[in-house]
Protein chains: 4
Amino acid sequence: MKNTLGSSVSVTIFGESHGKMIGAILDGLAPGIHVDEEFIASQMNLRKAAGSISTARHEADAVKIVSGVFNGKTTGTPITFIIENQDQHSRDYGELAYKARPGHADFTASVKYHGFQDFRGGGHFSGRITAGLVAAGAVAISALKTKNIRIGTHILSCGGVFDRNFGDLGSDIASLSDKTFAVLDDNAGEKMIAAIEAARNDGDSVGGRLETAVAGLPAGVGEPWFDTIESVLSHALFSIPAVKGVEFGDGFALCDMRGSQANDSFRSIDGKIVTDTNRCGGILGGITNGMPVVFRTAVKPTPSIYKEQQTINTETSENTSLVIQGRHDPAIIHRARVVVDSVTALVLCDQLALRFGTDYLA
Amino acid sequence: MKNTLGSSVSVTIFGESHGKMIGAILDGLAPGIHVDEEFIASQMNLRKAAGSISTARHEADAVKIVSGVFNGKTTGTPITFIIENQDQHSRDYGELAYKARPGHADFTASVKYHGFQDFRGGGHFSGRITAGLVAAGAVAISALKTKNIRIGTHILSCGGVFDRNFGDLGSDIASLSDKTFAVLDDNAGEKMIAAIEAARNDGDSVGGRLETAVAGLPAGVGEPWFDTIESVLSHALFSIPAVKGVEFGDGFALCDMRGSQANDSFRSIDGKIVTDTNRCGGILGGITNGMPVVFRTAVKPTPSIYKEQQTINTETSENTSLVIQGRHDPAIIHRARVVVDSVTALVLCDQLALRFGTDYLA
Amino acid sequence: MKNTLGSSVSVTIFGESHGKMIGAILDGLAPGIHVDEEFIASQMNLRKAAGSISTARHEADAVKIVSGVFNGKTTGTPITFIIENQDQHSRDYGELAYKARPGHADFTASVKYHGFQDFRGGGHFSGRITAGLVAAGAVAISALKTKNIRIGTHILSCGGVFDRNFGDLGSDIASLSDKTFAVLDDNAGEKMIAAIEAARNDGDSVGGRLETAVAGLPAGVGEPWFDTIESVLSHALFSIPAVKGVEFGDGFALCDMRGSQANDSFRSIDGKIVTDTNRCGGILGGITNGMPVVFRTAVKPTPSIYKEQQTINTETSENTSLVIQGRHDPAIIHRARVVVDSVTALVLCDQLALRFGTDYLA
Amino acid sequence: MKNTLGSSVSVTIFGESHGKMIGAILDGLAPGIHVDEEFIASQMNLRKAAGSISTARHEADAVKIVSGVFNGKTTGTPITFIIENQDQHSRDYGELAYKARPGHADFTASVKYHGFQDFRGGGHFSGRITAGLVAAGAVAISALKTKNIRIGTHILSCGGVFDRNFGDLGSDIASLSDKTFAVLDDNAGEKMIAAIEAARNDGDSVGGRLETAVAGLPAGVGEPWFDTIESVLSHALFSIPAVKGVEFGDGFALCDMRGSQANDSFRSIDGKIVTDTNRCGGILGGITNGMPVVFRTAVKPTPSIYKEQQTINTETSENTSLVIQGRHDPAIIHRARVVVDSVTALVLCDQLALRFGTDYLA
């Protein structure tokens, strides 16, 4: 499959940055799930450009649901979300028809699609395409809530500034849900924003780390090979533009531990099995153990910067230089957070339906 | 799919640590590829237990090919590899029928499979099951060589000791191919082995990082969504037992860079497009750019240690303690390296067949 | 997968009979294929209600392409087709919210979706949903023409009247391409139409057989197990509403032959291998042999009839009777023909891309 | 996927007629299902060559289960079945290395696999490969019995002689279960056997129709698009060698009915919804309606006959003639019956697991 993720619950996305519409089809969710259009809109807002630290392109991102919902509830058949593009400035992209922006997909797209791709604004490779994922993800998040499964992502680092770690998951996840700049420690958040503005003022950009926790997942979900929970989540996460690393639990830090430090001891508390630490991130042998699933996602700095860069002309294969015009984000990490939540929800809905049947989340 | 990876070229694995046989079916490779049984045996040797730093369980790991090869060449139909288990000591596992080893899949398996799983030696979750992947991977590696695509993995760190980075890829990959402890700097390797032995002497274990480079891949392979090259490789890598992190190119280090540092400038040299750095790890927009694909894999320390650990009885849900008996590896990173090479080869054969057709690698 | 067909080239459909929009996403076609909007419109016309022998519901079926086409050509990324519903008469369906129409999916939908399905006009089960398949299929048909592969379907029988068999395929396929009532022998067609009208006048309906031929397919496409060409075509054909049988070549008639009659002898003519008969329908061992692929599809009579029928109330499980109101087709076979052509084209594009790579049809 | 069928419950097959082993991997069945090796052996017997009406090749077909079963029960991980080939007479096939047998896959295999296929005895295209399906299918049949779902197939016609139709399903299915020549009316069976012997004496062969009924399936299983129950069953059935037609319920006979005849009226009897007829074969809108699923499968006459036939040399593309030597079946329909039961069971296990979760059949 190409633009489709998942099997029992799946999402298919479409659209280009400067095309008529973008959107998504979400298929396989149980019938009878309440579809809350206000919640969808609020999730869309979390993905939107925000003030001085984002692009000047502003899209209403009004989501229209044109199938799969009847009397405010899912029908069990495909739910289609469409979003019209409105604020394209295609004239900004003239030179980019043939000059490959470093760090972008322009060159690889021109090789793969032999020059027929819609290059305007990154076309189908644009981060804008994630808007469809966020719309579909909002319904997936609602589906998970029917079983009290909650997802929260915070900006663990941005521009070298670090947020505090997760503490009490219940209150932390709740506190993140409507923050447009999702940090646990607002002081850290202010420093991050300052770092983004400093980069913007230099015509440059910054990256960061996102940390996600999922509370409430039952134990026993996932496969030993090859659809481990790590496999299916990383598969989805690495398709989000700019993601270059994913780690679960203590991740790369485990490489430098000994087994006696890394192993999480099991404890039985009132008949419920828990672990005293959670270095494995809630996953053992690819399968959930009932503890929170925790992972971190590396987001590279936005490749669209205003400094002069060396590149090539994709038509002539000659060396040239490029100064990018137009409107771009000096950071996307605060906008990527809701995309991570969304694909996480979509993947987990699929895994739960595969494990417990198509009516489980209803 | 559960124990099957890939679509046009796929691998299906089976077996348990203490069952009769383990193995794999490799399907979809082009017909006419020479199957070199000596090369398969040499790859199996790289995965085998090695001296003082590995388990005392020794398996011949003789691979029998029982279908899909005719007159020494692939037929295009499923290639089946079977490997008999010979050196099981199932008596060592009595207590483990009901005590969950921390860091292992015992608990999650008992939840998922309701106690019906073959628990002996980790059963289907055992690292031993990777032997089938290595056998299949050896033929995939041979297939890639028909197009001069080469894969090399070294132990970047183990027990806190670091190897040097990749330099000249051609010679580095060649130098790694038959090393049982795959480092680029043998002095570093000796220190790593000392660290493993020290852990073993403490009844403990160590983890490490693997770094992989793939040279010779054509540009234009992979999908923007959701089957990015990062997605499909990480999917496979995270199904290798003990892997808890994967990063491409500069990975997590990119989080702390600015865009002007992170972007790889394009250069045209004699009509061939290259980048001057390779921080993106040869992948832009999910698609290969013709530069080497580079990634790192985090391997947690082996969870089987000899120290007393706190755990629970999976039958009674009571707290208990456990001292693991039997034969175990104080480190598996040197054995995991060929598994990483193997799944990488399998994934790339699939991607190339999807892109260029089923006869491409022949 | 649920509403998605195919893997390398895939189609995903959405919508309900009385919803806002229906449509399809076509993914994986090669870039650079000319998208002929006039041809799409003409294919849509073939599916439309036609005069006295069809429903009185008239939809403009104007297809908007909102992604995946740039400068009149495919980009290689998902092509999205949307079609607005305009002529719904939802008031006609009041009683059908709880009375299951015999022969329809009302009862099975209410069991599967627990009553949350959009029941109006059959909802997602409506034949109307095939409009999206026809739009996507039109582009697939154009893609196949780049390799001179042609598909033609005629109404082999309707209401007990039979058309002549295929003769010269080149001219027969050409003659069918723009007929709204696709028969090879127009006299037979007139009798069929008379049979439809007679049924309509009785408040009843008729069924029929469609026969399809595909000329120009290369030999060597398909798999021995389980994706035989018969398997993948029948999979798609049996998802068209009202299809209850599919046979290839001489099909069920082969059951009563001896091997000496049924076998097609091979002949070499000017270096090209052909068979003297084509009882196998161009497929041996699941793989194309270079002869035309020929199959027949059984279409049951339209279940919406105006006679009183016995049924049950799906809410109370009580027995009741039903007289269907509203606008319905006394026959759909003439409209189903282009749907068969469309899914055939979609399946073959997928098979060819899997075999020869994603750039083959361009 | 190529040699893999199904997603939640899947089967992968391997092997060649004259290779070392054939077999199958069955993955995804619930843990805890009793594996009855005697039942597997009895199912294998039903597929075996039988006396004067079958090939003289006799294989023990002893099935070894080498993974996935522990203490006599399924573990939930892949179950591997291996069967050694023992009675190959490869010398019989010398000429067939380059002469394509009419009606066989020799020619299409040589095109697809460029001459690298194992041609001996039909290689991977041999009906012998179905032995792995029967072994796997036996366990799937046992799994279905845990929910009282029963499958029965009889030879509806052979050599032009017809069996009676299904009557009381419970007793008919039971009566078929251990018949080596599965007819409901033993007089008809004797006439069929006489027809097979007559064909054999002429150096010829015969075909026939199989009719299958599945009792006990719950309503609400299957998808409207594209995985209708008809789609997924026909997909599997058409991969059985020699199958050229599949019809559900009244199938092709529906083409000549009017809607008022074809529609099955619903009736509520003691709160259970049934239909008074079952012309739709238990499937409406692609979804089970709780009535028996009924279908017929067309099996062409065995292509290996002893009469001289015209063909080509696949190496030189020259015309030649062929008289097939060796041991062949004058009919395979009586052996194919258990293959139909097996793939039906495999497909239904998959559908039920997708619908109700992986623990449903246990």
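Modeller: In this predicted model, a residue counts as buried when its relative accessible area is under 20%.

Biologist: How many of the 8 residues of strand β10 of chain D are buried?

Modeller: Strand β10 spans residues 208-215 of chain D. The cut-off for a buried residue is under 20% relative accessible area. By that rule the strand is mostly covered, and the number of its buried residues is 7.

Biologist: Which residue of β10(D) is the bridge partner of C158(D)?

Modeller: Strand β8 of chain D covers residues 150-158 and runs antiparallel to β10(D), with 8 bridges joining the two. In β10(D), the partner of C158(D) is G208(D).

Biologist: Which residue of β16(D) is the bridge partner of G208(D)?

Modeller: Strand β10(D) is also joined to β16 of chain D, residues 293-299, by 7 bridges. These two strands run antiparallel. Within β16(D), G208(D) has as its bridge partner V299(D).

Biologist: Turning to chain C, which strands are the edge strands of the open sheet?

Modeller: The open sheet in chain C has 5 strands in the order β1-β2-β3-β7-β4, with antiparallel pairing. An edge strand here pairs on one side only, and this holds for β1 (4-5) and β4 (63-67) of chain C.

Biologist: At about what angle to β4(C) does helix α1 of chain C run?

Modeller: Helix α1 comprises residues 37-47 of chain C. The helix lies across β4 and β7 (79-84) of that chain. Relative to β4(C), its direction is at about 135 degrees.

Biologist: Which residues of chain D lose the most area to chain C?

Modeller: Chain D and chain C each bring 104 residues to their contact. The area buried between them is about 8,300 Å², with 59% given by carbon and sulfur atoms. On the side of chain D, 12% of the buried area comes together from the residues that lose the most, namely W225(D), F226(D) and K244(D).

Biologist: Which strand gives the most residues to the side of chain D that touches chain C?

Modeller: Between chain D and chain C there are 8 salt bridges, and 61 residue pairs are in polar contact. One of the salt bridges links E230(D) with K244(C), their closest N and O atoms being 2.9 Å apart. With 6 residues, the strand that gives the most to this side of chain D is β11 (residues 243-248).

Biologist: Which residues of chain B lose the most area to chain A?

Modeller: In this interface, 105 residues of chain B contact 104 residues of chain A. The two chains bury about 8,200 Å² between them, of which 59% is on carbon and sulfur atoms. The residues of chain B that lose the most, together 12% of what that side buries, are W225(B), F226(B) and K244(B).

Biologist: Which residue of chain A meets R258(B) in a salt bridge?

Modeller: Across the interface of chain B and chain A there are 8 salt bridges. The rule requires a side-chain nitrogen of Lys or Arg within 4 Å of a carboxyl oxygen of Asp or Glu. At 2.5 Å from N to O, the side chain of R258(B) meets that of D202(A).

Key: Residues are numbered from 1 along each chain as its sequence is written. Chains are lettered from A and ligands numbered from 1 in the order in which they are written. This is a predicted model: local features need pLDDT of at least 70, side-chain atom pairs count only at pLDDT 80 or more; totals for chains, interfaces and linings use all residues. Side-chain values use heavy atoms; hydrogens and water are left out. Buried means under 20% relative accessible area, exposed over 50%, partly exposed in between (1.4 Å probe, protein chains only). Helices (H or I, at least four residues) and strands (E, at least two) are DSSP runs, numbered from the N terminus. Two strands pair if DSSP finds at least two bridges between them. Contact means heavy atoms within 4.5 Å. Axes are lines fitted to C-alpha atoms, for helices over the stretch in contact, and angles run from 0 to 180 degrees between N-to-C directions. Buried area is the accessible area (1.4 Å probe) that two parts lose on being put together, summed over both. A polar contact is a pair of N or O atoms within 3.5 Å; within protein, one must be able to donate a hydrogen and the other to accept it, and residues adjacent in sequence count only if both atoms are side-chain atoms.
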